[in-house]
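Here is a short tour to follow with the model open beside you.

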Amino acid sequence: MNGLDDEQMGPQTFLYGCQLKSGKDVVFNPEEDEFEHQLDLRMVCVDSDTKDELHIVEVEGQDTEGQKVKAILASLKPSTLPSVCLGGFAITPPAVFRLKAGSGPVHISGQHLVIMGGDQSFDEEEEEEEEEEELQTSKKRPALVPALKSQVCTCTGVCAQTPVSYNCLIMSCTTLD
């Protein structure tokens, strides 16, 4: 792809979407390859043509031991709750989506994340190193303004009781006296 081999490429994200109708399951199970796949669901919503009835969306996947697990993803009714934001509900394939109740159509959207073989951005050790670097950087920063006994930070509302215990990093403290 574009002159770069898979080892040099980072994670790739692709738009994912499917439509559920009564009696018809949708399976998310990318073909076997050397890449790691993940599905991050963002939204479940009804269509403008969806009947005003309760629609229950179920997802079936696997737990850490490989056992089948079923869970309700959303309960929708066009007149009262036409959509639900899932905020990045992550699923590792295989996954099966179905309407447990209602006739549909109901739409599911999200991102299909493909982690290339040579990518290390999801390595826990690297994340820990980044956190350690951030802590070291913050430790090196000098204290900004020592809080006085009568100061309250307007950004957090926390009252500073001793001169050394509190420094407002945003420097928006106000004196109450």
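## A charged network

In this predicted model, the side chains of Glu58 and Arg98 meet in a salt bridge, at 2.9 Å from N to O. Here a salt bridge is a side-chain nitrogen of Lys or Arg within 4 Å of a carboxyl oxygen of Asp or Glu. The pair links distant parts of the chain, with Glu58 in strand S4 and Arg98 in strand S7, 40 residues apart. Both Glu58 and Arg98 are buried; buried means under 20% relative accessible area, exposed over 50%, and partly exposed in between, using a 1.4 Å probe and protein chains only. The relative accessible area is 5% for Glu58 and 17% for Arg98.

Each of these two residues has another partner. Lys100 and Glu58 meet in a salt bridge at 3.5 Å, N to O. Lys100 lies in strand S7 and Glu58 in strand S4, so this pair ties together parts that are 42 residues apart in sequence. Lys100 is exposed, at 56%. Asp25 and Arg98 also meet in a salt bridge, at 3.3 Å, N to O. Asp25 sits in the loop between S1 and S2 and Arg98 in strand S7, so parts 73 residues apart are tied together. Asp25 counts as partly exposed, at 43%. The structure holds five salt bridges, and a network of them links Asp25, Glu58, Glu60, Lys68, Arg98 and Lys100.

Strands (E, at least two residues) and helices (H or I, at least four) are DSSP runs numbered from the N terminus, and two strands pair if DSSP finds at least two bridges between them. Strand S4 (residues 55–62) pairs with S5 over eight bridges, and Gly61 stands opposite Val69 in S5.

The order S1-S8-S3-S6 describes another open sheet of four strands, also antiparallel. Its edge strands are S1 (12–20) and S6 (83–91), each pairing on one side only. Ten bridges join strand S3 (residues 36–46) to strand S8 (residues 106–115), and in S8 the bridge partner of Glu36 is Ile115.

## An aromatic pair and a buried proline

Which rings form the one aromatic pair of the structure? They are Tyr16 and Phe28, with centres 5.3 Å apart and planes at 80°, so the pair is edge-to-face. Rings of Phe, Tyr and Trp (its six-membered ring) pair if their centres lie within 6.5 Å; planes under 30 degrees apart are stacked, over 60 edge-to-face, and the rest tilted. Both Tyr16 and Phe28 are buried.

Pro105 has its place in the loop between strand S7 (95–101) and S8 and is buried at 13% relative accessibility. Leaving aside neighbours within four places in sequence, Pro105 is in contact (heavy atoms within 4.5 Å) with Gln19, Leu20, Lys21, Val46, Asp47 and Thr50.

## The whole chain

The protein comes to one helix and ten strands, and buried residues make up 31% of its 177 residues.

## How to read the values

Residues are numbered from 1 along each chain as its sequence is written, and side-chain values use heavy atoms, leaving out hydrogens and water. Since this is a predicted model, local features need pLDDT of at least 70 and side-chain atom pairs count only at pLDDT 80 or more, while totals for chains, interfaces and linings use all residues.
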